[in-house]
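Q: Hi! I've got a model open and would like to talk through it with you. Could you take my questions as they come?

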Amino acid sequence: MPRFSIVVPVYQVQGYLRACLESVLDQSYGDFELIVVDDCSPDGSPAILDEFAARDERVVPVHLPANGGIGPARNHGVRLARGEYLLFLDSDDSYTPGTLRAIAERIDATGRPDVVLFDYARTHWYGAVKRNRDAEVFGAAGAEVFTVAERPELLDLFTVVWNKAYRLDFFREGGFAFPTGFYEDAVVVYQTLWTARTITLVDRVCVYYRQRRRGNALRTPSREHFEVFAQYERLFRFIEERPQLARWRGFLYDHMADHYLFILRQRDRVPPSSRPEFHRRAARDLRAHRPSGHRLGARIPRTSFTLLSRAPYALYALHRVAAVKRAGLRRRHRVWRRRLRKVLLAVHGRLVLRRALDPRLAVYSAFSHRGVLGDPAAIHRKAQEIAPHIRSVWVVGKEHVDALPPGVEHVLPGSRAYRRVTARATYLINNVNWANDLVKREGAVHIHTHQGTPLKSMGADLLKYPGARRGFSVPKMLRRADRWDYSLVANPHSELVWDRAYPCGFVSVRSGSPRNDCLVRPEPGRRESVRQRLGVPDDSTLILYAPTHRDHRQGGYAPTCDLERLVAGLPGDHVLAVRLHPSLARHHERGLGLRDLAERGLVLDVTDEPEVADLLLASDALITDYSSLMFDYAHLDRPVVLHTYDWDTYLAARGTYFDVTERPPGHVTRDEDELARLFASGAWCDEESTRLRSAFRARFGGYDDGRAAERVVRTLMLGEDMAAVPVVPAPGAPSDALTRS
């Protein structure tokens, strides 16, 4: 008996069927049968099904003699199922890698529950991928196994069966079956959730739910949408036949009312000529099924509900026309409010520019206003220490305010307070260009810190790589860079790159990188404190995996490595911590496997850790690809491994300033097998690793001596003599601290 029976109904999906079936057959967990039901499809789908059945015995082909719809096709597959658990997959959707293994392990860990729910992501035809908007439900704290009465919010999730696994005995004993017609999923979803004794969740994106540009039956005007009345009739009858489910009658009534209103609001559901009839049928249901004394839920619009349930269609239609017009007026009102606010802010900005600069005001920002981070944060902390008379104000996005350290003064970007402090500040420190509307005033000192030593192409060098500069203009970026007074330099390589990549009028400051001060001169006890906070035992080896962003992929993510496989090959005292690029913190890919592996205790997900320096200090080795973190990590003199599985693609799409695979900071792997073998054998920290790291440090160690932030504050903000804070140059580098580009 297989562990899983996966039922796939097929009808006119020849363009998507191969990808769907391959996503199942390529799963690392292979204990399943794939029951593919051809619902008398008139296209090439039946031939594709037979082709897959001939090459893999796990495929069970079924060819129905007549088209009956998706519900009967699924029912036919259920009757043939032999597995312990039953899953449904639509033939234009697909499983993500590792899905079946994750579900199987969750089943084992929770004592074979009746129903397992897992997450999904919508894949749009134009390339965007967006995780389910209710994804936080899957990660919410709670008991591992529960009933829907204990987690009623599950009933508000998208009512589909393809993000659930049902214990087959439970499904058959309950007599559950799909009705014919549209909205058939809702019947089975509610019936199974109401009656399940044990339910569990998998916080993992397991299904790619395809959003087709055309061809979605539910978004096609037809009278088939009238089937919704029969489906709700079945659900109310199901409750009436089971007194123990009476508590759900009010929920079902609200859901029905909301659903009917939604269908009538949409132009691509009921044909205009049939809307009066749909309105009458809906009104009849709403009057007939309303529980005695029931109060409508908060999300049901009262006026619309009253007009649907009690008024004639003409009055309801008039209300809808008025609602559309009101919505248009509100949109225009918002547009004019934005325009007026823009004018007022511009006037305010001009008035503020008439005021003198404040010699004791410094404004900071980092990573597009994400918080007190990076090089600007290091300069800020040192300024508070040795120049406390200089007031520090941070520009921070609203969503990051709660994470600010106590006592940090901040303003929101674009606000009046923002315009006031940026117009009057003498010192403006950032590692990203300031917004276009910020005026560079005479006497203001703009200090640009950059974001580490450059490997990938930057600035004007991006003109050769159109994919890497998608979405922004290099000339406009350079005009923003024209406002820089000083460009901080960590090593001779960086200085040469910045001079060419940013042909502007700044002065290069051989200061070192302020964010690396804590790596060159680590605070006593900081490493131990971070490891304790992360839950890493003192005698364990912590390996940090930190891949970088991919410009050539929509969304910025490219599959990196099989984390579970890597962990399986590590010695028992090794811990793998994974930090995705900050731009991917809310990306759907994080939910593919990382969060699931973290919940199972196989890896540490440290993506949300604000200070990457803490992770570098706490770790014993770094795995990365093309991230500038390798240059920072070299200061710790610990092993670095470069996993360059897509080096040729990255080189063509983004370009680099040198071939890091020829002169790397440590071992280089090209595929997952090589990476797994490297760590399983212990070669990642051998003598060759030490030799490569030593040569890399000599080449890029540059001016980092642990006093970069102090040097910036004393020389650029306090005006002290450069000789008072000498730099320790790299071998062969000029000894003077300032050089004009």
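This is a predicted model: local features need pLDDT of at least 70, side-chain atom pairs count only at pLDDT 80 or more; totals for chains, interfaces and linings use all residues.

Q: How many helices and strands are there in the chain?
A: There are 26 helices and 23 strands in the chain. Helices here are DSSP runs of H or I with at least four residues, strands are E runs of at least two, and both are numbered from the N terminus.

Q: What box do the C-alpha atoms fill?
A: Roughly 90 × 65 × 45 Å, taken along the principal axes.

Q: And what share of the residues counts as buried?
A: Of the 741 residues in the chain, 56% are buried. Buried is under 20% relative accessible area, exposed is over 50%, and partly exposed is in between, with a 1.4 Å probe and protein chains only.

Q: Let's pick a helix. What's the span of H9?
A: Helix H9 covers residues 249-265, and its 17 residues reach 24 Å from first C-alpha to last. That is close to the 24 Å expected at 1.5 Å a residue, the expected span being 1.5 Å times one less than the number of residues.

Q: Is H9 mostly covered or mostly open?
A: Mostly covered: 13 of the 17 residues in H9 are buried.

Q: Switching to electrostatics. How many salt bridges does the structure hold?
A: It holds 44 salt bridges. The criterion is a side-chain nitrogen of Lys or Arg within 4 Å of a carboxyl oxygen of Asp or Glu.

Q: Why would such side chains pair up at all?
A: Side chains of opposite charge can pair when their charged atoms come close.

Q: Which residue does Asp114 pair with?
A: Asp114 forms a salt bridge with Arg167, and their closest N and O atoms are 2.6 Å apart.

Q: How about Arg419 and Asp437, what's their distance?
A: Their side chains meet in a salt bridge at 3.2 Å, N to O. Arg419 lies in helix H14 (residues 416-424) and Asp437 in the loop between strand E13 (425-430) and strand E14 (445-448), so the pair ties together parts that are 18 residues apart in sequence. Arg419 is buried, with a relative accessible area of 19%, whereas Asp437 is partly exposed at 42%.

Q: Which residues are linked in a network?
A: Glu523, Arg526, Arg533, Glu609 and Asp614 are linked by salt bridges in a network.

Q: Now the surface. Which residues make the positive patch?
A: Lys325, Arg326, Arg330, Arg331, Arg332, Arg334, Arg338 and Arg339 gather there. One of them, Arg334, is in helix H12 (residues 313-352) and is partly exposed at 43% relative accessibility.

Q: How are patches put together?
A: They take residues with over 30% relative accessible area and no salt bridge, joining like charges within 9 Å and nonpolar side chains (Val, Leu, Ile, Met, Phe, Trp, Tyr) within 5 Å.

Q: Which residues form the negative one?
A: Glu528, Asp538, Asp539 and Asp573 gather in a patch of negative charge on the surface. Asp538 is in the loop between helix H18 (526-534) and strand E17 (541-545), and it is exposed, at 73% relative accessible area.

Q: And what makes the nonpolar patch?
A: Val343, Val347 and Leu351 make a nonpolar surface patch of about 260 Å². Val347 is found in helix H12.

Conventions. Residues are numbered from 1 along each chain as its sequence is written. Side-chain values use heavy atoms; hydrogens and water are left out. Accessible areas come from the Shrake-Rupley method with a 1.4 Å probe; for residues, only the protein chains shown count as cover. Lys and Arg count as positive and Asp and Glu as negative; His and the chain ends are not counted. The place of a charge is taken as NZ of Lys, CZ of Arg, CG of Asp or CD of Glu.
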